[in-house]
Amino acid sequence: MSWAVLGLIVGMALGFAGYFGGFGAFLLVAALGAVGFVVGRFLDGDLEPGEFFRPRDRGDRR
(Lines give C-alpha, C1' and ligand atoms only; values in the text may rest on other atoms or scores of the structure.)
Protein backbone atom coordinates (compact mmCIF):
# COMPACT_ATOMS: atom_id res chain seq x y z
CA MET A 1 0.00 0.00 0.00
CA SER A 2 1.44 3.38 -0.97
CA TRP A 3 1.75 6.33 1.37
CA ALA A 4 -0.79 8.25 -0.72
CA VAL A 5 -3.45 5.56 -0.22
CA LEU A 6 -2.67 5.36 3.48
CA GLY A 7 -2.94 9.14 3.76
CA LEU A 8 -6.28 9.02 1.95
CA ILE A 9 -7.62 6.41 4.37
CA VAL A 10 -6.42 8.35 7.42
CA GLY A 11 -7.90 11.56 6.06
CA MET A 12 -11.23 9.90 5.44
CA ALA A 13 -11.27 8.41 8.94
CA LEU A 14 -10.54 11.81 10.47
CA GLY A 15 -13.22 13.40 8.29
CA PHE A 16 -15.85 10.88 9.38
CA ALA A 17 -14.85 11.30 13.03
CA GLY A 18 -15.10 15.07 12.75
CA TYR A 19 -18.43 15.00 10.92
CA PHE A 20 -20.23 12.41 13.04
CA GLY A 21 -18.52 12.87 16.40
CA GLY A 22 -17.52 16.50 16.51
CA PHE A 23 -14.19 18.11 17.20
CA GLY A 24 -13.48 16.00 20.31
CA ALA A 25 -13.83 12.78 18.33
CA PHE A 26 -11.60 14.26 15.62
CA LEU A 27 -8.86 14.97 18.16
CA LEU A 28 -9.23 11.53 19.75
CA VAL A 29 -8.92 9.75 16.39
CA ALA A 30 -5.92 11.91 15.43
CA ALA A 31 -4.14 11.25 18.75
CA LEU A 32 -4.78 7.51 18.65
CA GLY A 33 -3.64 7.41 15.03
CA ALA A 34 -0.36 9.08 16.00
CA VAL A 35 0.15 6.61 18.85
CA GLY A 36 -0.61 3.72 16.51
CA PHE A 37 1.87 5.07 13.97
CA VAL A 38 4.67 5.25 16.54
CA VAL A 39 3.89 1.76 17.87
CA GLY A 40 3.81 0.40 14.31
CA ARG A 41 7.19 1.96 13.50
CA PHE A 42 8.58 0.50 16.73
CA LEU A 43 7.27 -2.98 15.91
CA ASP A 44 8.66 -2.75 12.37
CA GLY A 45 12.08 -2.07 13.86
CA ASP A 46 12.38 1.47 12.48
CA LEU A 47 12.51 3.06 15.94
CA GLU A 48 14.44 2.23 19.07
CA PRO A 49 12.96 3.08 22.49
CA GLY A 50 16.07 5.05 23.46
CA GLU A 51 15.61 7.47 20.56
CA PHE A 52 12.91 9.25 22.52
CA PHE A 53 14.99 9.77 25.66
CA ARG A 54 18.57 10.53 24.63
CA PRO A 55 19.70 13.90 23.29
CA ARG A 56 20.65 14.22 19.67
CA ASP A 57 24.30 14.63 18.79
CA ARG A 58 24.63 17.99 17.10
CA GLY A 59 28.27 17.57 16.18
CA ASP A 60 29.23 21.09 17.29
CA ARG A 61 30.74 20.26 20.66
CA ARG A 62 33.77 22.29 21.64
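Residues are called buried under 20% relative accessible area, exposed over 50% and partly exposed in between (1.4 Å probe, protein chains only). The structure is a predicted model, in which local features need pLDDT of at least 70 and side-chain atom pairs count only at pLDDT 80 or more, while totals for chains, interfaces and linings use all residues. Residues are numbered from 1 along each chain as its sequence is written, and side-chain values use heavy atoms, with hydrogens and water left out.

**View 1. Overall fold and the annotated segment.** The protein contains 1 helix and 0 strands (DSSP runs: helices are H or I, at least four residues; strands are E, at least two; numbered from the N terminus). Of its 62 residues, 5% are buried. An unreviewed UniProt entry lists residues 25-43 as "transmembrane region"; such annotations may be inferred rather than shown by experiment. This span is 100% helix, and its end C-alpha atoms lie 26 Å apart.

**View 2. The rings of Tyr-19 and Phe-20.** Rings of Phe, Tyr and Trp (its six-membered ring) pair if their centres lie within 6.5 Å; planes under 30 degrees apart are stacked, over 60 edge-to-face and the rest tilted. The count is 3 aromatic pairs. Tyr-19 and Phe-20 are edge-to-face because their planes meet at 85 degrees, with centres 4.9 Å apart. Tyr-19 is exposed at 66% relative accessibility, as is Phe-20 at 63%. Phe-16, Tyr-19 and Phe-20 form one aromatic cluster.

**View 3. The stacked pair Phe-23 and Phe-26.** These rings lie 6.0 Å centre to centre, with 25 degrees between the planes. Both residues belong to helix 1, 3 residues apart, about one turn of the helix. Phe-23 is exposed at 58% relative accessibility, whereas Phe-26 is partly exposed at 29%.
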